[in-house]
Amino acid sequence: MTKAPERRWSIRARVLTGMLLLVGLALVAAGAASFAVQRHELNERLDESLSRSVKEFGVLTETGVDPRTMKRFEHAEDLLYIAMQRTLPSPKQGMVSLVGKEVRWTAPDIVGIRLEDDPEFIEWAYQVQDSNHIRLGTVKTDVATYRAVVVPVSLPADHERGSFVLAYDYSAEAIANDRNFMIYSAVGASVMLLSALAAWLVVGRMLEPIRRLQTTAQQISETDVSQRIEVSGNDEFADLTVTVNEMLDRLDGALKAQRQLLDDVGHELRTPVTIINGHLELMDPHDSQDVEQSRDIAMDELGRMSLLINDLVTLAKTNRTDFLQIEPVQVGKLLDDILDKARGLGQRQWRIDYRTEATVRLDPARLTQAMLQLCANAVKFSEENSRIALGNEILRNGHGETTLRWWVSDAGIGIRSDDLERIFERFGRGQNSARSSGSGLGLNIVQAIAETHGGRVWVNSEPKNGSTFYIDLPLSTGSKEE
């Protein structure tokens, strides 16, 4: 017996792990994309605000007048002073004005971001103002990270250079964005936990038929397959349960048939063995007539045993996929061939009642075997020179179903009504048949050939009025070619 590999991960755990990995990957990807978009929007918002302030400062420089002189600004410190008064920083924004190498004007006390208290930032602003170009950039110091703009100021009448500096505390602005991401992460983790719990319950419920299948399989022994799995729901697992139950039904039937076969074969073989053994024990080896008689009896019984074995081999092959060799067959010609072969079975009035001209897909060899078996039975239970008729016909019913019917009809002794079903059983014989006249498997073989074609065999008979055996083979759309 093959040993099952050691199980490390159950299906439930693997499904749950795969689902959590997928959900986690989706949440991480969505969170990362959302974080990147929000950070990009933050940068754009800060840069837009700083750019707007620069434009307002430019308008003031070009068109503004000094309130004291009512003329254009002549000194940088005066322009910077008015600009500082007219600018209202946001809660996380600071400003400062530089003239020369010193801080000249600072933001009001209500402004929380004090740029003048960060010497690293002031040093950066000093360096940038010497370039005489507006500079927008990010500055990292020990105090904070800033998004800042430096606008240099140089007036024709003033020899001192100045600069107007605006800066956002980028770290403080990003905190809100980071807080949203942390909230998203916490919610995502909670969703994953709830999803894991729900998936654990759902997958467990889905796998319940598999567990019942495993339990049933463990309870089944080699000789008892009577256990069945309860079908619940209408999903794929329910279909699987139905399929497994049908398989168990077939196995149960096969086991019962096997036991019945062994009993029947044992019974059928025991009789010829007993007969041969009895005659050999009683045979007088010095009496040539007795020896010849015992030999004839032994040969007859051994021949019957050989016939029985050959029929059993044929029945065993009916379960194989290659038992039938399907091909297009002209059924009218096949019927003529069967009739020619049947004439050698006995002196009878052989004839064809009806023949159909059509090409049908079937196994000609197996169908010939079945028809000749029916002909042999007809010969066995009818008088010499009596009528035996063969035929085939295509029948159509009101539901659009098409059947190819074959038959063998005789004028023999007929069959009792209580024997009509039993004669198709394995080793089944009617009350008017003799034990030594055959293996008792002929009609069972005919039934097997009909069923492997998807059809059936049946009989219409009355005692002393003959019998007609029918083989009905259903025809699909692709099995018949007119």
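Biologist: Is Asp 337 buried, exposed or partly exposed?

Modeller: This is a predicted model, in which local features need pLDDT of at least 70 and side-chain atom pairs count only at pLDDT 80 or more, while totals for chains, interfaces and linings use all residues. Residues are numbered from 1 along each chain as its sequence is written, and side-chain values use heavy atoms, with hydrogens and water left out. Buried means under 20% relative accessible area, exposed over 50%, and partly exposed in between (1.4 Å probe, protein chains only). Asp 337, at 30% relative accessibility, therefore counts as partly exposed.

Biologist: With which residue does Asp 337 form a salt bridge?

Modeller: A salt bridge is a side-chain nitrogen of Lys or Arg within 4 Å of a carboxyl oxygen of Asp or Glu. Asp 337 forms one with Lys 333, and their closest N and O atoms are 3.4 Å apart. Helices are DSSP runs of H or I with at least four residues, and strands are runs of E with at least two, numbered from the N terminus. In helix H8 (residues 331-342) these two residues are 4 residues apart, so about one helical turn separates them.

Biologist: Which parts does the pair Arg 147 and Asp 47 tie together?

Modeller: Arg 147 forms a salt bridge with Asp 47, the closest N and O atoms being 2.7 Å apart. Because Arg 147 lies in strand S6 (residues 145-153) and Asp 47 in helix H1, the pair ties together parts that are 100 residues apart in sequence. Both Arg 147 and Asp 47 are buried.
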